[in-house]
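Hello,

Here is the structure you are taking over. My notes on the annotated sites follow below it.

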Amino acid sequence: MSVSSFRETTPAKVTFPALSEKKRNRQPIAALTAYDYSTARIADEAGIDLVLVGDSLAMVVLGYDTTLPVTVDEMLHHTRAVRRAVKRAVLVADMPFGSYHMSIDTAVENAVRFIKEAGAEAVKIEGGANRAALVQRLTEAEIPVVGHLGLTPQSVHHMGGYKVQGKTAAAADDLLEDALALEAAGAVAIVLEGIPREAASHITARLDVPTIGIGAGPDCDGQILVFHDLVNLSFAKPAKFVRQYGDAAGLFRTAIEGYVRDVETRTFPSDAESYHLSKEAASALEQSNGRRKA
Ligand SMILES: Nc1nc(=O)c2c([nH]1)NC[C@@H]1CN(c3ccc(C(=O)N[C@@H](CCC(=O)O)C(=O)O)cc3)CN21
Ligand SMILES: CC(C)C(=O)C(=O)O
Ligand SMILES: [Mg+2]
């Protein structure tokens with residue numbers, strides 16, 4: 001096999017320059033969250049461009065009410081599992097609440113851990129112009145940064161709930177200013193969450209770096225969803241922007257109910273699903289049983 005035919009059959013590793021190139025070529029970017037080896041492996045093999053280990057794992061994997069309690073160590077643990085699976089997609093880790101809010105120095109220290117100890121290729125932080133200095137410092141430290149604007153779940157108490165943001169012309173313009181500040185500071189991509197389609201479209205047209213939308217309409221350069229929402233495994237009432245592409249909860253429930261039934265009726269395991277002694281060993285065991293009884 002020649003080198004060139006090898007290249008044709010092996011999907012290229014996705015990089016941030018390649019995602020910017022996709023934007024220039026108007027090719028949509030498909031992104032998804034993942035939190036463990038098996039689902040990350042399926043996402044990578046299915047052609048996802050960007051895998052995010054989201055702090056949403058606090059809610060969908062760990063069962064918390066908000067994203068706020070998840071720690072750096074917990075995020076690192078999941079990022080390492082996802083790292084072992086992801087070969088092609090670009091791998092981004094969410095910096096959790098509190099890990100970049102104390103000082104720029106501790107933020108850089110925490111971000112270095114995601115790159116060095118967990119193998120992430122970029123970190124994501126929530127916030128706009130107020131985070132531009134941090135984005136610049138991380139970028140100077142050779143850590144690519146993905147920004148995140150709009151409905152930023154770590155600001156749930158400030159927002160008074162998970163409310164769509166940027167709903168007036170002035171608020172949409174503020175979001176554009178934030179996006180431009182992040183881009184100028186070196187952000188390699190920006191997630192736009194929970195904002196009107198028109199606001200996201202306006203921002204996307206003004207940026208060189210790709211926008212990745214979730215609840216931000218179809219005019220973003222890419223889309224991202226929470227894995228558990230995509231496959232119906234999140235238990236929460238799905239938001240307006242969620243499209244369910246499968247029913248994992250139903251699949252798992254049916255499978256587990258079947259297993260319980262078969263154990264209770266002693267139809268699992270069958271003889272064929274069991275290991276056996278050799279004939280000789282079985283009869284020797286039989287004799288030893290006889291001796292014990294005698
Ligand atoms: N499973 C899951 N998927 C997500 O996409 C997600 C989470 N969890 N947790 C963190 C945030 C919260 N998300 C949300 C939640 C609600 C709306 C929403 O539609 N809000 C409505 C109603 C608000 C209200 O009832 O007060 C709105 O119109 O703003 C949007 C994004 C997105 N994120
Ligand atoms: C939904 C994405 C953008 C996210 O931040 C998360 O899953 O934590
Ligand atoms: Mg997040």
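For "active site", the unreviewed UniProt entry lists Glu193; UniProt positions are in the numbering used here, feature names are shortened, and annotations may be inferred rather than shown by experiment. This is a predicted model, in which local features need pLDDT of at least 70 and side-chain atom pairs count only at pLDDT 80 or more, while totals for chains, interfaces and linings use all residues. Residues are numbered from 1 along each chain as its sequence is written, and chains are lettered from A and ligands numbered from 1 in the order in which they are written.

Glu193 lies in strand β6, residues 189–193 (helices, H or I of at least four residues, and strands, E of at least two, are DSSP runs numbered from the N terminus). Glu193 counts as buried because 22 C-beta neighbours lie inside 10 Å (buried is 20 or more other C-beta atoms within 10 Å, exposed 12 or fewer, partly exposed in between, with C-beta atoms placed from the backbone). Leaving out residues up to four places away in sequence, its contacts include His148 and Thr152 (contact: C-beta atoms, placed from the backbone, within 7 Å).

The "binding site" annotation, also from an unreviewed UniProt entry, covers Asp55, Asp94 and Glu126. These are spread over 72 residues of sequence but cluster in space, with a largest C-alpha distance of 10.9 Å.

Asp94 is in strand β3 and is buried, with 30 C-beta neighbours inside 10 Å. Beyond four places in sequence, its contacts include Asp55.

Glu126 sits in the loop between β4 and α7. Its contacts beyond four places in sequence are His148, Thr152, Gln154 and Ser155.

Regards

Terms used:
Two residues are in contact if their C-beta atoms, placed from the backbone, lie within 7 Å.
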